[in-house]
Amino acid sequence: MGRYFHSVTLDRDKCKGCTNCIKRCPTEAIRVREGKAVIFEERCVDCGECIRACPNHAKSALTDKLDRLSEFDYTVALPAPSFYGQFRRTSTPEAVLRALLAVGFDDVHEVASAASAVAYAVRTYIRRGEYKKPLISSACPAVVRLIQVRFPSLLDHIVPIESPMEIAARFAKEAASRKTGLPAGRIGAFFISPCAAKVTAAKQPVGRSTSAVDGVLSMSEIYGLAVKHLRDPYEGPDLQVAAASGIRWGRAGGENAEVGTGELLAVDGIHHVIVVLGEIEKGRLADVDFLEAQACVGGCIGGPLVPENPFVARANIKAMADMVGDRPVPLEPGELDRYYDSGVFFMENRIPPRPVMQLDDDVAVAMLKVELLEKTVNDLPNLDCGSCGSPTCRALAEDIVRGLALETDCVFKLRERVRDLAAEMKELAEKVPPSMEQPNPRQSANAATEAEGA
Amino acid sequence: MPGTPESENPVITMSFSVEGRDFKASGEPSRRIKRTLEQIGLDWSVVRRASVVFYEAEMNIVIHARRGTLRAEISPGRVVMVAEDEGPGIPDVALAMREGFSTAPAEIREMGFGAGMGLPNIKKHSDSMEIETEVGKGTRVVAVINVPRAGGAKTRGG
C-alpha cells in the first residue's frame, strides 16, 4: 500500500487496455501503459466510475470478506439505507434486517437511523453555527475526496460532521457493548456498502485518524446471501427502528429532505457534482445553505456495488419507507442535543487538500511548463482519441511536460514523423556519390550532340 | 534556475475573445484560466479569488456587451485580469458598483445572472480595480490580485 489506500483495483488479466475508463475518470487519474490501465493513486477518489465503464469487468472494488466476522466476539451489520432498495415490496424492512442475522451477524444497526441523527446534527449546525455558504455534505466520501483533489478551496465548505456510516458504527458499538458487556475492541462493526468509496473511507478516513468501522462488505455479495433468508422463521424483538426519512437517504434527495432547513440544493452523478462545485468556486450559489452531493447517479442506490438497477431501487426505497411510515427518529431530541454538545458528531481533523494539478513545486518552473504545455497542446491533433493512453490531447500534453510521456506517443504525431522520415529516406536513397553515378543516356546523348555541334 | 530578476518573474498571458449573449460558450475562458493558475500552483485562496474575478468579468461581457476580450496576465507575484468590451459602457460607475444594482434585462435575470453583483464581486475579490468606460463605446476593467508572500516551498528564494 502506498501513501493512499484505494478500494478501486484492476484485474490485469481482464484489462484489454481500451480507452473506456480513462475517458470517464473525473480526475483524469487513469492512463494505459503497456496495454493495461494504470491508476495514479494520488488522483483517484474511488468514485467507481471506471468500475461502471469497464466492459471487461477488469475494475473492481476491494471489499472485506465475510470470514472476517470470526475475528470478533460479537458482530453488528450496518446496512446502508440503499440496502432496502435491493428488495421488492413483497418483502419488508424488518424481514431484510432479520435476513442479515441469518447471514451470520449477531446484531443489526441501521445506518438509516444514524442518518437521521446526522441530519439532526446538520440542522443544528446550520441553525447555531457560523459557516461559509453553501455547506457541502460530507456523506459521500467520493465527493469529499473529489474536493480534496480538484476543489481544495472549497474544503472549508464541507460540513465538519461525520457521515452516517461512521456515526452508525460508533452508536452500534456503544449499544452492543452495553448489551454484551464486551469491550468495544471485541465488537466488529461491518458496513454493507453500495460503493468502493466507503471502503476507502473506512480504511483511510479523512476527518479522523481511524474509523469505528471494522470492515466493509459488498452489498451485492451480502444481497446474494441474504435474499435466501427473507422468509426464515425468527423469534426475537423487532430489529427495525429507523424512520422512513432515514431510509430515504438511500436515494438522491433523501438527505436534503431530512435536513429540511434553509435553502437546499441536491446534485448527483460525479460529473454533475463537478459542474456544481465549479459554480460554487466561481462565487455563485452563495444563497444556498446546504448542498447534498453524491457521486453516483441516483444517489447511493446507483453505487457500483449495488445489485439492483437504480430506477427499480428508487421505487423500492419509496415502498420500504412508506411501509415504515412517519415514525419518530429513534433518538429523542434531548439525547441528540447531548450527543451534539459532546462532539461525537464532529470530525477530529480538518480535511487536508490533495492538490495534483500543479506542474512543478517551483512556481517559476511551473510557469515554464505551462507555456510548454500550451505549445504542446496546439501541436497535437486535439481529437482526444485516447490511443496514446491519456484521456485527452491536453492530458497527454500535461503528461509530456511532466516527463511521463513523449510526443510520439500520439499515433498521429508518430505517423507524421514516420512519413517525414520515409520522405527523407527516399530522398537519401536517390542520392549517389558522383563516382557511382550512372550516365543518363539522354543527357549524355545531348552532351555528345552539343560536343559535335561545337 | 539561476538568472536575472526578470527571468525569475516570467509572465504568462492568456487571451480569449468573448461574444455577447453567448451563454453556451461562457465560463470556458474563466475555467481555462483557473486551470492554468492551478497548474502553476498559486495559493488556493488566489485561485479562488481569481475564479470569481475572471468569471464575473466574463459574464459582464456576455450579459452587457456585443463582444470583448478577457485577458489574464499571470506572474508569480500577482494575477492581473483585463476585460475590454465593445458595448454600451457604464453611465454611472458609482451606481454600478453598488451591490444589487443591475441593468441586466429581465430575461437574463431569469437565468440567475445579472444580480447586480458583478462589479462589486470583482472589487471584493481583488486587491485593486480600475474601470474606464465610455457610454456607447465600451468598458475596460482591470483588476489585480496579489499573491500573498507566505512562507513555504512555493515562495522559496528571493
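Me: Where in chain A does Pro134(A) lie?
Reply: In this predicted model, Pro134(A) belongs to the loop that runs between H4 and strand E7 (135–136) of chain A.

Me: What is the geometry of the peptide bond from Lys133(A) to Pro134(A)?
Reply: As a general idea, most peptide bonds are trans, and most residues other than glycine have a negative phi. The bond leading from Lys133(A) into Pro134(A) is cis, and its omega is near -10°.

Me: Is Glu34(A) buried or exposed, and is His57(A) buried or exposed?
Reply: The cut-off for exposed is over 50% relative accessible area. Glu34(A) counts as exposed because its relative accessibility is 78%. His57(A) also counts as exposed, because its value is 57%.

Me: How do E2(A) and E3(A) pair?
Reply: In general, the strands of a sheet pair through backbone hydrogen bonds, either parallel or antiparallel. For E2(A) and E3(A) the sense is antiparallel, with four bridges. Within this pairing, Val32(A) stands opposite Ala37(A) of E3(A). The two strands form a hairpin with two residues between them, and in that hairpin Glu34(A) takes its positive phi near 50°.

Me: How is the packing of H4(A) and H13(A) to be read?
Reply: Two packed helices are described by the angle between their axes and the distance between the axes. Here the helices are H4 (residues 111–128) and H13 (residues 333–342), both of chain A; their axes come within 10 Å and cross at roughly 70°. H4(A) is therefore roughly perpendicular to H13(A). The crossing of H4(A) past H13(A) is right-handed.

Me: Which residues make the contact of H4(A) with H13(A)?
Reply: On the side of H4(A) they are Ala117(A), Tyr120(A), Ala121(A), Thr124(A), Tyr125(A) and Arg128(A). On the side of H13(A) they are Pro333(A), Leu336(A), Asp337(A), Tyr340(A) and Asp341(A). By class, the residues of this contact are seven nonpolar, one polar and three charged.

Me: Is Thr124(A) buried or exposed?
Reply: The cut-off for buried is under 20%. Thr124(A), which lies in helix H4 of chain A, is buried because its relative accessible area is 4%. When neighbours within four places in sequence are left aside, Thr124(A) is in contact with Gly129(A) and Tyr340(A). The C-alpha atom of Thr124(A) is separated by 39 Å from that of Tyr234(A), a residue 110 residues apart along the chain.

Me: Where is Thr261(A) found, and which residues does Thr261(A) touch?
Reply: Thr261(A) is in the loop between helix H10 (254–259) and strand E10 (264–268) of chain A. Not counting residues up to four places away in sequence, Thr261(A) touches Arg123(A), Ile126(A) and Arg127(A). With a relative accessibility of 17%, Thr261(A) counts as buried.

Me: What is the order of the five strands in the open sheet of chain B?
Reply: The order is E1-E2-E3-E5-E4, with antiparallel pairing. E1 and strand E4 (128–134) of chain B each have a single partner strand and stand at the edges, so one side of each is left without a neighbour in the sheet. From one strand to the next, the twist averages 10°. Helix H3 (residues 44–64) of chain B packs on this sheet and touches E1, E2, strand E3 (78–86) and strand E5 (138–146) of chain B. The direction of H3(B) makes about 5° with that of E3(B).

Me: Which residues of strand E1 of chain B form the covered face?
Reply: In a regular strand the side chains alternate between the two faces of the sheet. In strand E1 (residues 12–19) of chain B, the covered face holds Ile12(B), Met14(B), Phe16(B) and Val18(B). The uncovered face holds Thr13(B), Ser15(B), Ser17(B) and Glu19(B).

Me: How many bridges join E1(B) and strand E2 of chain B?
Reply: Eight bridges join E1(B) to strand E2 (residues 67–74) of chain B, in the antiparallel sense. Val18(B), a residue of the covered face, has Gly68(B) as its bridge partner in E2(B).

Technical notes: Residues are numbered from 1 along each chain as its sequence is written. Chains are lettered from A and ligands numbered from 1 in the order in which they are written. This is a predicted model: local features need pLDDT of at least 70, side-chain atom pairs count only at pLDDT 80 or more; totals for chains, interfaces and linings use all residues. Side-chain values use heavy atoms; hydrogens and water are left out. Buried means under 20% relative accessible area, exposed over 50%, partly exposed in between (1.4 Å probe, protein chains only). Two strands pair if DSSP finds at least two bridges between them. Axes are lines fitted to C-alpha atoms, for helices over the stretch in contact, and angles run from 0 to 180 degrees between N-to-C directions. Angles under 35 degrees count as roughly parallel, over 145 as roughly antiparallel, 65 to 115 as roughly perpendicular and the rest as oblique. A crossing is left-handed if the near helix is turned anticlockwise from the far one by less than a right angle, and right-handed if clockwise. Contact means heavy atoms within 4.5 Å. Ala, Val, Leu, Ile, Met, Phe, Trp, Tyr, Cys and Pro count as nonpolar, Asp, Glu, Lys and Arg as charged, and the others, Gly among them, as polar.
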